[in-house]
Amino acid sequence: VQLQASGGGLVQPGGSLRLSCAASGNIFRVNAMGWYRQAPGKQRELVALITSAGSTNYADVVKGRFTISRDNAKNTVYLQMNSLKPEDTAVYYCNADIIRAMLVVPTTYWGQGTLVTVSS
């Protein structure tokens with residue numbers, strides 16, 4: 001199983017970016033999917049989570065600016081980021097709890113990370 005993240009880049013303050021992360025491989029079911037980020041010199045932190053049913057949870061610092069969504073048919077999670085601030089600069093990682101076969105416990109997989117830089 002692999003998670004492939006894309007969509008990072010350089011954007012000016014106030015701008016927008018959309019991240020994508022697709023899970024592929026031997027997948028029976030994908031449970032919760034999420035986005036985390038790690039800024040230089042800081043610990044990795046949760047940005048947003050979404051369950052297989054579509055329930056969402058956000059870090060307070062991104063509420064109202066970021067939106068997480070998913071396409072279950074494509075095993076893909078998205079993060080729409082609006083009103084970006086310099087403090088949003090970080091490497092963004094996706095993760096997913098994936099069941100590879102019936103009666104097998106979920107395993108958490110991580111994507112490779114995509115860099116988001118917010119700067120003028």
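This tour moves from a sheet to a disulfide, then to the nonpolar core and a group of salt bridges.

The model is predicted, so local features are given only at pLDDT of at least 70 and side-chain atom pairs only at pLDDT 80 or more, while totals for chains, interfaces and linings use all residues. Residues are numbered from 1 along each chain as its sequence is written, and side-chain values use heavy atoms, with hydrogens and water left out.

Begin by selecting strand 1 (2-6) and strand 7 (66-71), the edge strands, each of which pairs on one side only, in an open, antiparallel sheet of four strands with the order 1-3-8-7. Strands here are DSSP runs of E with at least two residues, numbered from the N terminus, and two of them pair if DSSP finds at least two bridges between them. Inside the sheet, select strand 3 (residues 17-24) and strand 8 (residues 76-81), which run antiparallel and are joined by six bridges; S20 stands opposite Y78 in strand 8.

Next, select C21 and C94, whose sulfur atoms lie 2.0 Å apart in a disulfide, a term that requires a pair of cysteine sulfur atoms within 2.5 Å. The link is right-handed, with 55° about the S-S bond. Because C21 lies in strand 3 and C94 in strand 9 (residues 90-99), the pair ties together parts that are 73 residues apart in sequence. C21 is buried at a relative accessible area of 1%, and C94 is buried at 0%, where buried means under 20%, exposed over 50% and partly exposed in between, with a 1.4 Å probe and protein chains only.

Now turn to the largest nonpolar core, of 31 residues, in which W35, L79, M81 and Y92 touch the most other members; such a core is a set of buried Ala, Val, Leu, Ile, Met, Phe, Trp, Tyr and Cys residues joined through side-chain atoms within 4.5 Å. Strand 9 gives the largest share, five residues. Selecting L79 and its surroundings shows contacts, meaning heavy atoms within 4.5 Å, with residues including W35, V47, F66, I68 and Y92.

Finish at R37, which is buried with a relative accessible area of 6%. Its side chain meets that of E45 in a salt bridge (2.7 Å, N to O), the term covering a side-chain nitrogen of Lys or Arg within 4 Å of a carboxyl oxygen of Asp or Glu. R37 also forms a salt bridge with D88, the closest N and O atoms being 2.9 Å apart; D88 sits in the loop between strand 8 and strand 9, and R37 in strand 4, 51 residues apart.

How values were computed: Lists of a residue's contacts leave out its neighbours within four places in sequence.
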